[in-house]
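The structure is shown first, and the account follows it.

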2 protein chains.
Amino acid sequence: MTDPSTIVTVLDRAGFRLTEPRRVVAGLIADRNGHFTAADLVDDARERRLDVGRATIFRALELFTELNAVERVDLPNGEHAYVECEPVHHHHVICSQCARTTEVEACGMPAVARDVGKATGFKIQSHRLELFGICPDCQATNSRRG
Amino acid sequence: MTDPSTIVTVLDRAGFRLTEPRRVVAGLIADRNGHFTAADLVDDARERRLDVGRATIFRALELFTELNAVERVDLPNGEHAYVECEPVHHHHVICSQCARTTEVEACGMPAVARDVGKATGFKIQSHRLELFGICPDCQATNSRRG
DNA sequence: TATCAAGTGAGACTGGGTATCGTCAACAGT
DNA sequence: ACTGTTGACGATACCCAGTCTCACTTGATA
Ligand SMILES: [Zn+2]
Ligand SMILES: [Zn+2]
Ligand SMILES: [Zn+2]
Ligand SMILES: [Zn+2]
């Protein structure tokens, strides 16, 4: 879907080794769209006969997350999933039907955070916002099917 | 901290049995402040020599969550924690130092959700917002300690 | 107080995630 | 290019949250 080299570039810039397993994981992620779990990547790898150790996949995801090349999202059902994304502050809109995600800036948020800080006396440090809904494609499909 | 009878009342109203283990779990929750995990309750119970099965604690949490007497929050580190709370739509401000939580209405959210829907074409169904920061008490303690 | 479905708990099981440790290979320095 | 250092790998054992099973207990109701 996207270009695996973007993650690889991020790795390189940050001074990490460009190992074969990391390239493979970056490739698997690039070929996905929407969110995915570590287990999904393990399956993908096995299907394609790319042998990457399970532990390595977890380690790669952890690293990519630290480098802001992917981000973890907590699905409503409690699953820990990941999405590839841009290294700037943003939020995700997640299709609860096909898992596709879109990034949004949700510019209204800083104001909300400020108000909440004022109302509660908390010094707000960070916030997490995830929006769930039906993406345009799925809406179209659904209405076509009746 | 709070009154265990509030959860018990909710249980009763919903037509569930008021069993001893459920009262115990409700009590453990009431005695906590801030968020807690299922494991925390298991430990609490053991310390106080209240014997409640582990499975029962999980089941009680699940039930209380369905009844909106507690709510699950996903901490930034990936842990699944719970907080006792009111059965109306709201969000949580969580102290990253002492785990205390406060509920807020965050009235700005519907507008944000609407904007995001308009910008992305998604039909927004639900959203999750969690704010993390330092509570007034901890701020005071921190500045006192220098 | 008798009835019986709802609820419980010991323990087995699953699955996500981590720790260990011997081996390997990316990269810097020559 | 050759080599040494060391970061990374991967097989495997392990840990822990959460679920399932099933024989047993208990709360509500008459
Ligand atoms: Zn993102
Ligand atoms: Zn969709
Ligand atoms: Zn709540
Ligand atoms: Zn605090």
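In this predicted model, B:Arg32 and B:Asp44 form a salt bridge whose closest N and O atoms are 2.9 Å apart, a salt bridge being a side-chain nitrogen of Lys or Arg within 4 Å of a carboxyl oxygen of Asp or Glu. B:Arg32 lies in the loop between α2 (20-30) and α3 (38-47) of chain B and B:Asp44 in helix α3 of chain B, so the pair ties together parts that are 12 residues apart in sequence. Helices (H or I, at least four residues) and strands (E, at least two) are DSSP runs, numbered from the N terminus.

Residues are numbered from 1 along each chain as its sequence is written, and chains are lettered from A and ligands numbered from 1 in the order in which they are written. Local features of this predicted model need pLDDT of at least 70, side-chain atom pairs count only at pLDDT 80 or more, and totals for chains, interfaces and linings use all residues, while side-chain values use heavy atoms, with hydrogens and water left out.

Over all chains, 10 salt bridges are found, including these:

| Pair | N to O distance |
|---|---|
| A:Asp31 and A:Arg48 | 2.9 Å |
| A:Arg72 and A:Asp74 | 3.6 Å |

A:Arg72 and A:Asp74 also belong, with A:Arg128, to a network of salt bridges.
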